[in-house]
Structures are given as C-alpha cells and as structure tokens.
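Let's walk through a protein model together, one piece at a time. Have the picture open and keep turning it while you read.

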Amino acid sequence: MYVPEKVVTNDDLAQLVDTNDEWIQKRVGIKERRIAVTETTADMGYEAAKAALDNAGISPDELDLILGATVSGDDISPSLACMVQNKLGATCLAYDVNAACSAFLFLLETAAGYFARGAKNVLVVGAERMSRIVDWSDRGTCVIFGDGAGACVLSAGDNYHDSIFTVRGGDDVIKIPAAPGKSPFWQGETPEPFVRMNGQETFKYAVTAIANDVNALLERNNLTLDDIRWIVPHQANYRIIESASKRGGIPMEKFYLNIDRFGNTSSASVPIALDELNRAGKLDRGDKIILTAFGGGLANAACLLTW
Amino acid sequence: MTNEMILEKLAAIIAEKIDSDPADIKAETTFEELGVDSLDITDIAMSIEDEFGFEVEVDQKLVTVGDLVALVAAHE
C-alpha cells in the first residue's frame, strides 16, 4: 500500500466547509485522511505495486498481467495499469477495469479467469486520488474521501473459492461525471466532474449488499463466521458497516476497519486494508477471509478466499 | 394495528438505533431532538420494512415520530 504523507484532519476540513470533528467522527467514523500534494494516481499505484512485489519476492518481469482500478486516474488514457507497467519496467499485458469502489474484487475475478488459462503471476492495483474529484465546497462528500493505493500480487493456486457479483446499472444513486469538455456543438447538460451521491440510497444499498453477500457466501460454502478470520469491507462509512453488522448478524469485531485513518479510498480501500492486516501479523497462511465491496455502477461484490 | 401499537414498535426500533430508552420516544418527539439524521432515518426505514413487511418512502419531510407512525399506519 501507499498513502500520501499529508494528513488532513477533520479540524482542517472545518476551515474549508461548515463541519466539525465531532460530527464527522460520529456520523462517518473518520478522524483523518491522507491527501496527495504532489503524488499522481499513477505514482501512488506504482509505489503500492512496488511494495507488493517486494513483499512477494516477485520481479516485474515475472508478471503475466497487471490489472488496475481507479475512478480518479490521471488520464482517461493511458490506463492506470499501463502507467504502473511503465513505471515498473514490466512488459506484460496491462489494463483497467472500471467498477468504482467495488473494482478491486472485479480485478480478482478477472485475474481468476487468466489463472484458469495458465497465468502464473498477476498484479492487481487500486489507486485513487479522490481529492481531485470531490467537490471541496460540499460538506456532504468532501469529508468522506481520501487518497491512496493498494496492490496485491496473486499467484496461481486454489485459494480463491467463491464470489458473488451483482450489477444494477444506473446513475441515480452514485455518479461521477466526466470532464465536461469544450465542444462548440454540445447542447446537453455539463455537470461538474465531481462525485455525487444520494446518501440515503447509497446507505440502504450498501448495508443490504454487505449483509446479503456475506451471508450468502457463508451459507453456500457451508461455513459459519467462526470459520472466517476477517471480513474486509470497502471502507465507505462506519455507519454502513455498523448497520450491516446488525442487519446481517455479523459481529463488528469480524470487520477490519481503518476508515478512521484513511477515509474512503474507493478501489484502494480493500487492498490497503489487506496490506495493513498482513504487515501487522493479523493474517496467517490458511486464514479464510471474506472481502465485500459496493459502489458506483451500482456494483457490489463479495468473495471468499484463503490467505 | 392501532397507532399506539405502531408507536411502541417504532420507539423500540428507533431506541435500538440511537441507544436510547424507548420510553423517552413519544409521538410528539422530533427527530431533531433525538439527534436522528437522514442516514438514521434510512436505517429506521429498513427496520420498518423488516418488522412490518412493507417499504416506507422516507424522502418526504418527517419531523416527529408521530409523522412516521402516520406513514406506517397509512400502509397498514
């Protein structure tokens, strides 16, 4: 993982918009977030990728594929994965998958297809500079997001057991418009290119997604929560996890949470959490874990794997 | 179901969400007094769906717990 050095506290945000530390902590569960000052999305993706490769003891030329995910890339093209490939000096296939905050799980699923066709090593990386695409005058969204990147090196094996993917296409709940452009012919709307969310609908969708997906995975694999070391959710909002915990009968202690320190880093949140767990010695070989994510698309996903 | 019975069930749901005493939640209590925000309302609406078996539209302006009771009673 890689996160920018700059820490932005809730008190810092209270200087920009009408909000306060107590409200943000209580209502969203965030104390601080990292914000890029000079790092680009590709820089962060590269740093996370390099750390993952070092940790795995695998060199860039051993990679068969690099899969990237971002909603806040530096460029529409080249993709994040292409720029990570460039910076690593790798020569393998590289492309991005767009599934917003759930994208990391979509990368794992895509990688599974390549492993089935003989790939040996795949690098998956989620990197976000959300600070570029939030409206810093909107207190409802600017307090939520943070910047950072997470990456994992996957190797062929049989530890990816099961997954659930659901897409309900539509732009009424979560939307990030693209840059409006300057076409002299365009007569349609030109929305600002910032994250827009219907908070209530997002909440309902996310809570239901986590509770249903986690329980469905357990049930169809004949497992109970006792068999699962961690549930690693997309870190969107503490209250979403809290409500999903009650609704799904999943104790809060099962969820690994770091939203208090990093905020919502979209596609980077799950791999950042995994790296933290791993480096803290809180994940051992053989541990079963469930990853669960939800976001724009709408797209939600969960998967069961053995570390 | 009478409005009193609905209020009793709603008070239990709301109290559980915000860690308060159901006895303190009356029909005239406002959501503002309870410190309930839009996400709490959504959370409460989801529990109403579980409890009563129908979805309530919460995007309209609800001021008091009594307003919510009336909304549920209208669906009954």
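This is a predicted model: local features need pLDDT of at least 70, side-chain atom pairs count only at pLDDT 80 or more; totals for chains, interfaces and linings use all residues.

Residues are numbered from 1 along each chain as its sequence is written, chains are lettered from A and ligands numbered from 1 in the order in which they are written, and side-chain values use heavy atoms, with hydrogens and water left out.

Back to H10 of chain A, residues 269-279: it is largely enclosed by the rest of the structure, because nine of its 11 residues are buried. Buried means under 20% relative accessible area, exposed means over 50%, and partly exposed is in between, using a 1.4 Å probe and protein chains only. Among the buried residues of H10(A) are A:Val270, A:Ile272 and A:Leu274, along with A:Asp275 and A:Glu276. What do the buried residues of H10(A) pack against? They pack against H5, E6, strand E10 (230-233), helix H9 (259-262) and strand E11 (288-295) of chain A. Contact, here and below, means heavy atoms within 4.5 Å.

Now zoom out to chain A, which is divided into domain 1 (7-158) and domain 2 (162-306); such bounds come from an automatic or database domain assignment. The two C-alpha centres lie 14 Å apart. Domain 1 of chain A brings 43 residues to the contact, and domain 2 of chain A brings 43 residues.

How do you put a number on an interface? Its size is often given as the accessible area lost when the parts come together. That buried area is taken with a 1.4 Å probe and summed over both parts. Between domain 1 and domain 2 of chain A it is about 3200 Å², with 62% from carbon and sulfur atoms. On the domain 1 side, A:Cys101, A:Leu105 and A:Ile133 lose the most area to domain 2, together 19% of what that side buries.

A salt bridge is a side-chain nitrogen of Lys or Arg within 4 Å of a carboxyl oxygen of Asp or Glu, and two of them turn up across the interface of domain 1 and domain 2 of chain A. The side chains of A:Arg196 and A:Asp135 also meet in a salt bridge, at 2.9 Å from N to O. By class, the side of domain 1 of chain A that touches domain 2 has 22 nonpolar, nine polar and 12 charged residues. (Ala, Val, Leu, Ile, Met, Phe, Trp, Tyr, Cys and Pro count as nonpolar, Asp, Glu, Lys and Arg as charged, and the others, Gly among them, as polar.)

A:Gln200, A:Lys204 and A:Arg247 supply 47% of the area that chain A buries against chain B, more than any other three residues. Seven salt bridges are found across the interface of chain A and chain B. One of the salt bridges joins A:Lys204 to B:Glu49, with the closest N and O atoms 3.9 Å apart.

Look closely at A:Arg239. Its side chain meets that of B:Asp37 in a salt bridge of 2.8 Å, N to O, and that pair crosses from the loop between helix H2 (31-34) and helix H3 (38-52) of chain B to helix H8 of chain A. A:Arg239 also forms a salt bridge with B:Asp40, again with 2.8 Å from N to O. B:Asp40 lies in helix H3 of chain B and A:Arg239 in helix H8 of chain A, so this pair joins two chains. Salt bridges that share partners join A:Arg27, A:Arg239, B:Asp37 and B:Asp40 into one network. Are B:Asp37 and A:Arg239 buried or exposed? Both are buried.

Finally, over all chains the structure holds 21 salt bridges. In chain A, the side chains of A:Arg220 and A:Asp162 meet in one at 2.7 Å, N to O. A:Arg220 lies in helix H7 and A:Asp162 in strand E7 (residues 160-167), so the pair ties together parts that are 58 residues apart in sequence. A:Arg220 counts as partly exposed because its relative accessibility is 48%, whereas A:Asp162, at 15%, counts as buried.

Technical notes
Buried area is the accessible area (1.4 Å probe) that two parts lose on being put together, summed over both. Helices (H or I, at least four residues) and strands (E, at least two) are DSSP runs, numbered from the N terminus.
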